[in-house]
Each structure stands twice: as structure tokens, then as C-alpha cells.
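Welcome! Please have the viewer ready.

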Amino acid sequence: ETEDEDEAAALMMAKHAVASSAASARSSARSEHGVGRAFREGASVLVFKERSDLSWSAKVTMVQEIDAGGGRSVTMYRVRYTGWSSRFDEWVEGALLSAATPTAVEEKET
């Protein structure tokens with residue numbers, strides 16, 4: 001597979017992941033922390049990982065709108081985790097991102 005095919009497959013898997021209604025519930029529950037807002041390429045963010053209940057520092061490397069079906073579109077973000085190789089880059093939905101402000105990073109470290 002080429003890198004473009006890998007990228008397309010990853011984006012397709014991400015599209016299926018956002019089809020659940022749980023994404024909107026997570027987004028509203030964490031909105032007071034700036035989660036789910038729009039980010040540009042190069043933005044420093046924290047990525048919330050549900051399985052571990054941890055957040056990881058990252059930079060947004062790509063932004064793409066995808067059709068989530070039913071007339072809805074979802075913004076997906078390609079992130080590179082701080083200190084990690086690009087092979088660990090992944091597509092995540094905006095509901096899992098928050099701004100990496102000094103306060104947010106301080107909260108993450110505690």
C-alpha cells in the first residue's frame with residue numbers, strides 16, 4: 001500500500017468512528033475546557049484518550065472535513081504526538097481535542 005492509501009484508509013476508519021452519537025455527548029460534557037473547538041494546522045493541542053482517561057500533547061498537522069452521513073460533516077484532525085515518530089500520527093475527531101494552554105497542560109500533569 002502507498003502512503004496515500006494508508007492515509008485514506010485511516011481517514012475512512014475515523015469517519016466510521018465519528019458516526020456514533022457518543023461523540024456529541026463527549027463534546028458537550030467537556031466544552032468548558034475548550035474541547036471540540038476548531039483548530040488550525042500547527043496548533044498545540046491535548047488529545048484525550050478515552051481508554052486511559054489521559055491527555056497527550058500533540059500538534060495538528062492536517063485538518064479535513066468529512067461527510068459523516070445524514071447531511072452532517074465532521075472536522076477531523078491529523079495529530080503528531082510530542083516526542084513521538086510520525087508513524088504514531090493519527091486522525092482524531094475534534095471532540096477529543098482541547099487547547100494546550102498553560103492551565104490545561106498544568107491540569108494534565110496533575
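Which residues make up the largest nonpolar core?

## The core

The model is a predicted one: local features need pLDDT of at least 70, side-chain atom pairs count only at pLDDT 80 or more, and totals for chains, interfaces and linings use all residues. Residues are numbered from 1 along each chain as its sequence is written, and side-chain values use heavy atoms, with hydrogens and water left out.

The largest nonpolar core has 12 residues: Phe 39, Ala 43, Val 45, Val 47, Ala 58, Val 60, Tyr 77, Val 79, Tyr 81, Val 92, Leu 97 and Ala 99. Such a core is a set of buried Ala, Val, Leu, Ile, Met, Phe, Trp, Tyr and Cys residues joined through side-chain atoms within 4.5 Å; buried means under 20% relative accessible area, exposed over 50%, and partly exposed in between, using a 1.4 Å probe and protein chains only. At least two core residues come from each of S1, strand S2 (54-69), S3 and strand S5 (97-99), and S3 gives the most, with 3 residues. Apart from this core lies another, of 5 residues, including Ile 66, Val 74, Met 76 and Trp 91.

Leaving aside residues up to four places away in sequence, Ala 58 touches Ala 43, Ser 44, Val 45, Val 47, Val 79, Arg 80, Tyr 81 and Thr 82 (contact means heavy atoms within 4.5 Å).

## Aromatic pairs

There are 2 aromatic pairs, where rings of Phe, Tyr and Trp (its six-membered ring) pair if their centres lie within 6.5 Å; planes under 30 degrees apart count as stacked, over 60 as edge-to-face and the rest as tilted. Phe 39 and Tyr 77 have ring centres 6.0 Å apart and planes at 75 degrees, so they are edge-to-face. Because Phe 39 lies in the loop between helix H2 (22-29) and strand S1 (44-49) and Tyr 77 in strand S3 (residues 72-81), this pair ties together parts that are 38 residues apart in sequence. Both Phe 39 and Tyr 77 are buried.

Trp 84 and Phe 88 form an edge-to-face pair, at 5.2 Å centre to centre and 75 degrees between the planes. Trp 84 is partly exposed at 45% relative accessibility, and Phe 88 is partly exposed at 38%.

## The whole chain

The chain has 3 helices and 5 strands, in the order α-α-β-β-β-β-β-α. Helices (H or I, at least four residues) and strands (E, at least two) are DSSP runs, numbered from the N terminus. Of its 110 residues, 31% count as buried.
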